[in-house]
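Dear colleague,

Please find the structure below, handed over for your own work. My findings follow directly after it.

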Amino acid sequence: MLEDTSVYMEVLKFSGIFAPLLFILLQAFRQFFFLPVGLICLTGGILFGAVAGTLYSVIGITLSSVLFYFGMKSMPKLMEKVKRLQRKWIGKRMPFSVGQIAILKMIPFMHFHLLSLCLIEISSSFKEYTKASIISNIPIAIFYSSFGSIMLSLSLLTSAILLVVLSVLFYLLRRKEWVIKWSEFFEEEAKNREKQRMPA
């Protein structure tokens, strides 16, 4: 994988003014090359600097998310398969917030498109999904473009501390919702009606 990345880096180096465009396209179609998002963001930081690398990465990752959205919507059977995989990986939990998904995207072993599916599930429209995608893509682009090279040299202890910090943030940014069973909901409604009917 690192060898493949070095090849892409060499191609981008000698692409001149077309390098940013090629980088964005590589980020948009990276799933076909089996390249992790973080690794490409790191490459962008090395080649273009933290600011430009972040900008190009956000554009490329968002394009990838948009392609995934239309792919899932046009292929319902594939979407069901991805949902089954999502339930296996994430389980049946309350919906994640955009903040939680942004943090999960920064964790290397998390499947990026399963998290994009989570965004589809909490979004009511394509516009809302695109906005949520951009917001959740910014942290991973900034993090790996700016600090990717430093992360590679971190000790095991420092990496563990970083994961703990991310886990705490994940908990603090959780989607604050109450999940109520139908039976409990209607039971509560019935009690409220009875109270209203009773004479004062």
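Thr130 is found in helix H8, where helices are DSSP runs of H or I with at least four residues and strands are runs of E with at least two, numbered from the N terminus. At 18% relative accessibility, Thr130 counts as buried, a class defined as under 20% relative accessible area, with exposed meaning over 50% and partly exposed in between (1.4 Å probe, protein chains only). Its C-alpha atom is separated by 9.3 Å from that of Ile120, 10 residues away along the chain.

This is a predicted model, in which local features need pLDDT of at least 70 and side-chain atom pairs count only at pLDDT 80 or more, whereas totals for chains, interfaces and linings use all residues. Residues are numbered from 1 along each chain as its sequence is written, and side-chain values use heavy atoms, with hydrogens and water left out.

The chain as a whole comprises 10 helices and 0 strands. Of its 200 residues, 37% count as buried. Among contacts (heavy atoms within 4.5 Å) with a separation of 6 or more, residues 24 or more positions apart account for 73%.

Helix H7 (residues 112-122) and H4 have axes that come within 10 Å and cross at roughly 70°; the axes are lines fitted to C-alpha atoms, for helices over the stretch in contact, and the angles run from 0 to 180 degrees between N-to-C directions. H4 and H7 are therefore roughly perpendicular to each other (65 to 115 degrees; under 35 counts as roughly parallel, over 145 as roughly antiparallel and the rest as oblique). The contact is made by Ile61, Ser64, Ser65, Phe68, Tyr69, Met72 and Lys73 of H4 and by Phe112, His113, Ser116, Leu117 and Ile120 of H7.

H7 is mostly covered, with 10 of its 11 residues buried. Ser116 lies in this helix and counts as buried at 0% relative accessibility. Leaving aside residues up to four places away in sequence, Ser116 touches Ser65, Phe68 and Tyr129. Another residue of interest is Phe112: the charged end of Arg30 sits over its ring, 5.0 Å from the centre (the criterion is NZ of Lys or CZ of Arg within 6 Å of the ring centre and within 35 degrees of the ring normal).

The structure holds 7 aromatic pairs, meaning rings of Phe, Tyr and Trp (its six-membered ring) with centres within 6.5 Å; planes under 30 degrees apart count as stacked, over 60 as edge-to-face and the rest as tilted. One of these is formed by Phe23 and Phe48, whose ring centres are 5.4 Å apart with planes at 70°, so the pair is edge-to-face. Phe23 lies in helix H2 (residues 19-28) and Phe48 in helix H3 (residues 37-48), so the pair ties together parts that are 25 residues apart in sequence. Phe23 counts as buried, at 0% relative accessibility.

The rings of Phe70 and Phe126 have centres 5.0 Å apart and planes at 40°, so this pair is tilted. Phe70 belongs to helix H4 (residues 50-74) and Phe126 to helix H8 (residues 126-151), so the pair ties together parts that are 56 residues apart in sequence. Phe70 is partly exposed, with a relative accessible area of 46%, and Phe126 is partly exposed at 32% relative accessibility. Tyr69, Phe70, Phe126 and Tyr129 form one aromatic cluster.

With kind regards
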